[in-house]
Amino acid sequence: MATNNSSATVQRSLGDPALAYPLWPPLTEGCPETATGDTVLPVEVDYDYGRVSAALFSPAGGPAARGTGLDRWAPLLPPLAAPGLGEGGTPLVELEAGVYVKDESRNPTWSHKDRLNRCTTSAAVGVGAPGIVVASSGNHGASAAAYAARAGLPCVVFTGPDLPPAVDAFLGAYGAVVLPVPWEARWPLMRQVVDRVGLHPVSNLTPTHTGHAFGPEGYKTIAYEIFLDIGVPKAVFVPTGYGELLYGVWKGFTELRRLGLTDRLPRMVACESAAAAPLAKAVREGVPAAHVAVEPTDAYAIVAAVSGYRGVVAVRDSGGEVVALDDGQLRAARDELARAGLWAELSAAAGLAGLRAVGGGDDGPVVCVSTSSGFKDRSVGTLTTEPIAGDWESVSRRLRAAGLGD
């Protein structure tokens, strides 16, 4: 297996840091020693931080931040055994004074999931797996399919019966085996593929969400890039489903402090859909994870019936909070981003919606992560503009309706 210049050493239990496991193979079902009947706690990758030079974060200490992929950050990532697609290096757009949007739609498959899948596909290559399998509502599957194709591996994607046509086309373009099944059947069927076919799982297999040990490590690079651009913000507002992105960004900032580059850390604000909000329930009840009923919502990319312990840790340790947002608040934020020239998926607008819901930013800076492109919304392709006649009067009427001309 490839090791490049990774400083990764072991997998460590997030529930009991005294428990450490070898780096290989990746533990795809969390920490076995802390698991109970209905709760599984994740493991994370630990590093020999003494081997990591602070010069990594200097403009003169490595390749330019833009356009190099995650390879720039290899010392602080698991071994990158799979080839990349130029993921990361996304722009930080100043929406207004002190309010920034980290636009993750600029990644190769137009979402933040590319950072995760570079790491999880590398894990599959590292253990010699014959392919990967994922359960996904959209972004994760599209990204996994792309990175599997890049690595020359087959990819099986279990998705829901209401898969957006645009995402379906995305998956098909990469040659993935796409299996739309009832929502509740996705994870049990994925487990059978793992057990019977031997594919490497790059999404969750456990009753409470643990996900892949290597995946959230890729999200740390968002924190590194924010730090290079503006330093440590006052707060980071993150669209949240299972909490992997939230935790990954938080861990990245804690590593910057551990390396002596800052003495400050941001508050992490988890921005959930009010149609479920399991993390809000877990934090409120003081439990590692929670199960909730799911109500109808168009924010399909962040709605989740179950949370994971990573989200609790990020909110608790950062002194942060959880904000539950309805679809109206998400649409308002999406429209605000569009007026600024940023086309975001409805779920991706949750970061800005969370900021608008709680206020803040006046004494910033604050960062709102926007996770994916508006191309991924279910409504894409359903709205069309009515043609008009090719004469000035018809054009003039349309212009006047838009408030242009006399």
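Hi everyone, let's start in the sheet: strand β5 and strand β13 run parallel and are joined by 5 bridges. Two strands count as paired if DSSP finds at least two bridges between them. Within that pairing, Asp-103 stands opposite Ser-370 in β13.

A quick word on what we are looking at. This is a predicted model, in which local features need pLDDT of at least 70 and side-chain atom pairs count only at pLDDT 80 or more, while totals for chains, interfaces and linings use all residues. Residues are numbered from 1 along each chain as its sequence is written, and side-chain values use heavy atoms, with hydrogens and water left out. As for the labels, helices (H or I, at least four residues) and strands (E, at least two) are DSSP runs, numbered from the N terminus.

Let's stay with β5 for a moment. On its other pairing, β4 and β5 are antiparallel, over 4 bridges. There, Val-93 has Val-101 of β5 as its bridge partner. The hairpin of β4 and β5 has 2 residues between the strands, and in it Gly-98 takes a positive phi near 85°.

Is β5, residues 99-103, mostly covered or mostly open? It is mostly covered, as 5 of its 5 residues are buried. Buried here means under 20% relative accessible area, exposed means over 50%, and partly exposed is in between, using a 1.4 Å probe and protein chains only. Look at both faces: Val-99, Val-101 and Asp-103 are buried on one side, and Tyr-100 and Lys-102 are buried on the other.

Now zoom out to the whole sheet. What is the order of its strands? The sheet is open and has 6 strands, in the order β4-β5-β13-β10-β11-β12, with mixed pairing. At the edges sit β4 (92-96) and β12 (321-325), each pairing on one side only. From one strand to the next, the twist averages 25°. Helix α7, residues 278-285, packs on this sheet, where it touches β11 (267-273) and β12, and its direction makes about 125° with that of β11. Contact means heavy atoms within 4.5 Å. For the angles, axes are lines fitted to C-alpha atoms, for helices over the stretch in contact, and angles run from 0 to 180 degrees between N-to-C directions.

One more pairing in the sheet: strand β10 (residues 235-239) and strand β13 (residues 366-370) run parallel, joined by 3 bridges. If you find Phe-237, its bridge partner in β13 is Cys-368.

Next, the helices. In words, angles under 35 degrees count as roughly parallel, over 145 as roughly antiparallel, 65 to 115 as roughly perpendicular, and the rest as oblique. The crossing of α7 and α8 is right-handed. A crossing is left-handed if the near helix is turned anticlockwise from the far one by less than a right angle, and right-handed if clockwise. Leu-279, Ala-282 and Val-283 of α7 make the contact with Gly-311, Val-312 and Val-315 of α8. By class, that contact has 5 nonpolar, 1 polar and no charged residues. Here Ala, Val, Leu, Ile, Met, Phe, Trp, Tyr, Cys and Pro count as nonpolar, Asp, Glu, Lys and Arg as charged, and the others, Gly among them, as polar.

Helix α8 (residues 309-318) also packs against helix α6 (residues 244-258), at an angle of about 45° and with axes 7 Å apart. So α6 and α8 are oblique to each other, and their crossing is left-handed. On the α6 side, the contact residues include Tyr-247 and Trp-250, and on the α8 side they include Arg-310 and Asp-317. The residues of this contact divide into 6 nonpolar, 2 polar and 3 charged.

Is Pro-201 buried or exposed? It is buried, with a relative accessible area of 4%. Leaving aside neighbours within four places in sequence, Pro-201 is in contact with Thr-28, Val-133, Met-190, Val-194 and His-212. Pro-201 and Ala-124 are 77 residues apart in sequence, and 8.3 Å apart in space, C-alpha to C-alpha.
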